[in-house]
Amino acid sequence: MNGIEATERRALGEYLWWQRGIIYQIYPRSFQDSNADGVGDLPGIVSRLDYLRWLGIDAIWISPIYPSPMKDFGYDVADYRDIHPMFGTLADFERLLQEVHGRGMKLILDFVPNHTSSVHPWFLESRSSRHNPRRDWYLWRDGSADGGPPNNWLSNFGGPAWTRDPASGQYYYHAFLADQPDLNWRNPAVVGAMLDNLRFWLDRGVDGFRVDVLWHLIKDDRFRDNPRNPAWTPDGNPFHALLPEYTADRPEVHDLITVMRRLFDEYAQRVLIGEIYLPIERLVTYYGTGPSGAHLPFNFQLIDAPWDARHIAQLIDEYEAALPAYGWPNWVLGNHDNHRIASRIGPAQARIAALLLLTLRGTPTLYYGDELGMRDGDIPPAQVQDPLERNVPGKGLGRDPERTPMQWDDGPHAGFSSVAPWLPVLDDFAHVNVHSAQQDPDSLLSLYHRLIRLRRGSPALEVGRFEPYPSSRDVLAYLRRGREGESSFLVCLNLSAQPQRVTLTDLPAPSSVVVGTRRTREGEEVSDVFDLAANEGAVIAVGTTA
Ligand code: GLC
């Protein structure tokens with residue numbers, strides 16, 4: 001650590017990189033193809049690292065890159081300790097890690113512990129006979145009295161979660177596809193083997209893991225039926241016909257997280273992020289007691305929330321109030337499983353969302369392409385790839401739309417590949433792409449760039465206190481307080497398509513706009529009232545000039 005860094009760290013009170021930093025998610029199939037097969041790969045990512053450095057993000061999380069039959073695009077792992085040839089080799093991985101670290105960034109991998117691929121050697125052994133020593137590594141049960149599945153549990157990807165294996169006549173459990181059998185995490189041998197898999201990458205210098213469906217690892221040991229969901233209607237997702245009371249968020253899962261966390265803590269500064277879709281009061285239990293929990297249980301509240309100022313203000317308050325003292329907050333706007341933010345709320349509000357994500361208290365995670373305002377792709381039925389859309393078609397559940405290739409320039413296939421990509425490029429790529437957005441100071445990308453630069457240089461935005469600020473119904477306003485001698489910031493976001501006024505009280509002078517959705521306002525001095533145009537947002541430095 002050099003002298004400047006040491007001073008900075010002291011000034012910031014020794015916050016860790018994953019607290020101050022910004023995480024960027026790469027869906028590796030769709031980021032950059034380097035070998036003309038229409039699918040992204042590791043050398044492709046290396047070739048784009050300078051872009052990420054320019055953008056100013058601190059850490060990259062890459063969705064699974066391990067050998068896999070790709071039934072669920074890598075979330076069906078056949079070997080936890082190698083790289084899928086489609087993405088490259090272990091040597092390519094080493095190079096990627098080196099290049100990321102060489103640019104002062106961190107690399108986070110995806111760990112998929114709940115299930116393996118059905119072609120993983122463990123499962124092949126497990127299914128080979130009832131007496132195989134690995135039989136108990138998965139969840140095998142006899143059918144019910146009538147010969148049907150052992151209970152009513154449903155697969156997230158449609159149909160029953162049990163598949164009968166003709167060889168032994170027993171059923172195995174799979175929360176997702178039949179090609180993704182669930183591991184039995186009550187078996188200590190499974191725990192040991194999976195921790196060894198984590199060690200393999202931690203030893204190589206990986207900076208952390210995003211842990212897939214962390215809240216699913218343990219199922220009820222009595223295999224009780226899940227209760228019906230009274231709110232469900234037949235036009236909804238069939239999985240939600242039942243409440244997952246006995247298949248997820250079981251109390252014993254926390255013991256496993258403790259064990260995982262202990263392993264992470266054997267290494268310096270590694271981060272454990274959990275994918276957890278639960279309401280706030282349940283989500284925060286995944287912080288454990290601090291040293292026993294996940295560092296960052298992903299907070300997906302902004303993904304499901306209605307885009308309404310009062311609603312969001314309330315969920316921020318609830319989240320802030322529910323966090324344990326040692327719990328570091330985090331915010332996510334999008335990922336590879338949810339429709340893109342620009343499609344959910346429209347392009348004008350996507351600019352507001354950028355301001356929100358980068359000024360809330362807590363680690364932001366940004367999904368590739370959202371910084372360009374990429375929309376959901378319109379995938380023709382013949383080109384559907386996602387197993388969820390194939391199994392449960394026509395309900396808008398499919399995830400291909402948010403996985404289309406990154407738009408780099410206006411050349412063939414948007415600069416993603418020299419051949420037709422695995423999913424079609426969006427038809428707006430001629431004007432929505434990195435190259436042209438970098439030239440345009442009013443683009444969403446330029447706004448992200450300015451915001452990230454501001455955030456990185458402002459302790460109040462990175463780690464300062466959060467305070468709600470009084471405002472009208474459609475405006476979300478809050479302060480991020482710096483310490484003595486540091487700037488504080490007032491954030492005013494108009495979530496409506498009508499002009500709004502914010503009355504400013506007790507703001508120390510001078511106060512001025514530092515970053516705004518309308519660039520022309522940057523530098524404007526502010527006092528008494530702040531008028532926002534439709535869909536306008538601004539970050540105002542108060543007290544001292546940023
Ligand atoms: C997680 C992943 C998703 C995957 C599922 C099964 O939710 O994000 O893409 O299909 O787990 O592994």
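This is a predicted model: local features need pLDDT of at least 70, side-chain atom pairs count only at pLDDT 80 or more; totals for chains, interfaces and linings use all residues.
**Close-up views of the domains and the ligand site**

View 1. The centres of domain 1 and domain 2, taken over C-alpha atoms, are separated by 30 Å. In the domain assignment, domain 1 is made up of the stretches 16-114, 185-375 and 394-452, while domain 2 covers 121-173. Domain 3 spans 465-544.

**View 2. The contact between domain 1 and domain 2.** On the side of domain 1, 23 residues take part in this contact. They meet 15 residues of domain 2.

**View 3. The residues around the ligand.** By residue class, the shell around the ligand consists of seven charged, four nonpolar and two polar residues. The space that the ligand takes up is the largest pocket.

**View 4. Oxygen atoms of the ligand and the side chains of Asp72, Glu275 and Asp337.** A polar atom in the side chain of Asp72 lies 2.6 Å from an oxygen atom of the ligand. For Glu275, a side-chain N or O atom is 2.8 Å from a ligand oxygen atom. In the case of Asp337, the distance between a side-chain N or O atom and an oxygen atom of the ligand is 2.4 Å. Taken alone, the ligand exposes 310 Å², and the protein buries 96% of that area.

Conventions:
Residues are numbered from 1 along each chain as its sequence is written. Side-chain values use heavy atoms; hydrogens and water are left out. A residue is near a molecule or strand if one of its heavy atoms lies within 4 Å of it. A polar contact is a pair of N or O atoms within 3.5 Å; within protein, one must be able to donate a hydrogen and the other to accept it, and residues adjacent in sequence count only if both atoms are side-chain atoms. Accessible areas come from the Shrake-Rupley method with a 1.4 Å probe; for residues, only the protein chains shown count as cover. On a 1 Å grid over the protein atoms alone, a cavity is a set of points where a 1.4 Å probe fits but cannot get out, and a pocket is an open set with protein on both sides within 12 Å along at least five of seven lines; lining residues have an atom within 4 Å of a point. A molecule sits in a cavity or pocket if more than half of its atoms lie within 2 Å of its grid points. Ala, Val, Leu, Ile, Met, Phe, Trp, Tyr, Cys and Pro count as nonpolar, Asp, Glu, Lys and Arg as charged, and the others, Gly among them, as polar. Domain bounds come from an automatic or database domain assignment. Contact means heavy atoms within 4.5 Å.
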